[in-house]
Amino acid sequence: EASAPGAATTTSLVAECRAPFVVPPELTVRFATADGRRFAYALRLPVAATGFALPDADCADDLALFKSRWDSVGAGDHEQQIVVSSRAPIDDAVLDDLKRRVVSRACRAALVTGADLSNCTVTAATLVACADPPRHVPVLLRLEINVPAQAFRITVRSPSPDAAAAFKNVLQALITSYFIM
């Protein structure tokens, strides 16, 4: 449909996750001007795999189920791990805030009951809802905090290497930016 010169056009976009992804999807906008010049702009959508996640209530309430999934996924491409340094001291208020805002809210993960014997460990589980089978891809998170070293070890396991990498990247970015604000 043609627009008058200088006019703006707005459209809504609804996204559905077909499978876990690391690199955000791209949308190409193409148009031509009245004089026939053609343009195309590739735009990365501001969407992360965590946007399609749901808390895994089954794992949250069943420590044995969580451990079984954790062990069955194993390591290799299915595990992503990184250590992130903190730019500020870590105290109980910071730990509680990270559990609430980063793990539970941003990663949409359910904290696993009975998994953490220390306040310096956060264990959680989430599911990436997909349109294609498997419909729900499990993602298991473990955040270990070393208070004296002011560091966090992030470990993410999933049957999907892309889901593991995506959630590790999001956790790393959120924890890094948490201490900048």
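User: How many salt bridges does a search of the whole structure find?

Analyst: The search finds nine salt bridges. Please keep in mind that this is a predicted model.

User: What holds Arg-44 and Glu-26 together?

Analyst: Their side chains meet in a salt bridge, with an N to O distance of 3.7 Å. Arg-44 belongs to strand β2 (residues 38-44) and Glu-26 to strand β1 (residues 26-32), so this pair ties together parts of the chain that are 18 residues apart in sequence.

User: Are those two residues buried, exposed or partly exposed? What is the relative accessible area of Arg-44?

Analyst: Arg-44 has a relative accessible area of 48% and is therefore partly exposed. Glu-26, with 45%, is partly exposed as well.

User: Which residue forms a salt bridge with Asp-56?

Analyst: The partner of Asp-56 is Arg-69, and their closest N and O atoms are 2.6 Å apart. This pair links distant parts of the chain, 13 residues apart. Asp-56 is in the loop between β3 (53-55) and α1 (57-61), whereas Arg-69 is in helix α2 (residues 63-73).

User: Is Asp-56 buried or exposed?

Analyst: Asp-56 counts as buried, because its relative accessibility is 2%. Arg-69 is partly exposed, with a relative accessible area of 24%.

User: Where do Glu-79 and Arg-157 lie?

Analyst: Glu-79 lies in strand β4 (residues 79-85), and Arg-157 lies in strand β8 (residues 151-157). Their side chains meet in a salt bridge of 2.6 Å, N to O. Arg-157 counts as buried, at 13% relative accessibility.

User: Which residues are linked with Asp-97 in a network of salt bridges?

Analyst: Arg-100 and Arg-101 are linked with Asp-97 in such a network.

User: New topic. How many disulfides does the count come to?

Analyst: The count comes to zero disulfides.

User: What does the lining of the largest pocket have by class?

Analyst: The lining has 10 nonpolar residues, six polar residues and one charged residue.

User: What about the backbone? Where is the cis peptide bond?

Analyst: A cis peptide bond joins Pro-133 and Pro-134, with an omega of about -5°. Pro-134 is placed in the loop between β6 (121-129) and β7 (136-146).

User: What is the phi of Arg-108?

Analyst: Arg-108 has a positive phi of about 55°, although this residue is not a glycine. Arg-108 is found in the loop between α3 (92-106) and β5 (110-111), and it is partly exposed, with a relative accessible area of 37%.

User: And Gln-150, what is its phi?

Analyst: Gln-150 has a positive phi of about 50° and is not a glycine. Gln-150 lies in the loop between β7 and β8. With a relative accessible area of 26%, Gln-150 is partly exposed.

User: Last one. How many residues apart along the chain are Thr-28 and Pro-161?

Analyst: They are 133 residues apart along the chain, and their C-alpha atoms are separated by 27 Å. Thr-28 lies in strand β1 and counts as partly exposed, at 31% relative accessibility.

How values were computed
Residues numbered from 1 in each chain as written. Predicted model: local features only at pLDDT ≥ 70, side-chain atom pairs only at ≥ 80, totals over all residues. Heavy atoms only, no water. Nonpolar A, V, L, I, M, F, W, Y, C, P; charged D, E, K, R; others polar. Disulfide = S-S within 2.5 Å. Salt bridge = Lys/Arg side-chain N within 4 Å of Asp/Glu carboxyl O. Helix = DSSP H or I, 4+ residues; strand = E, 2+ residues; numbered from the N terminus. Buried < 20%, exposed > 50% of the residue type's maximum accessible area, 1.4 Å probe, protein only.
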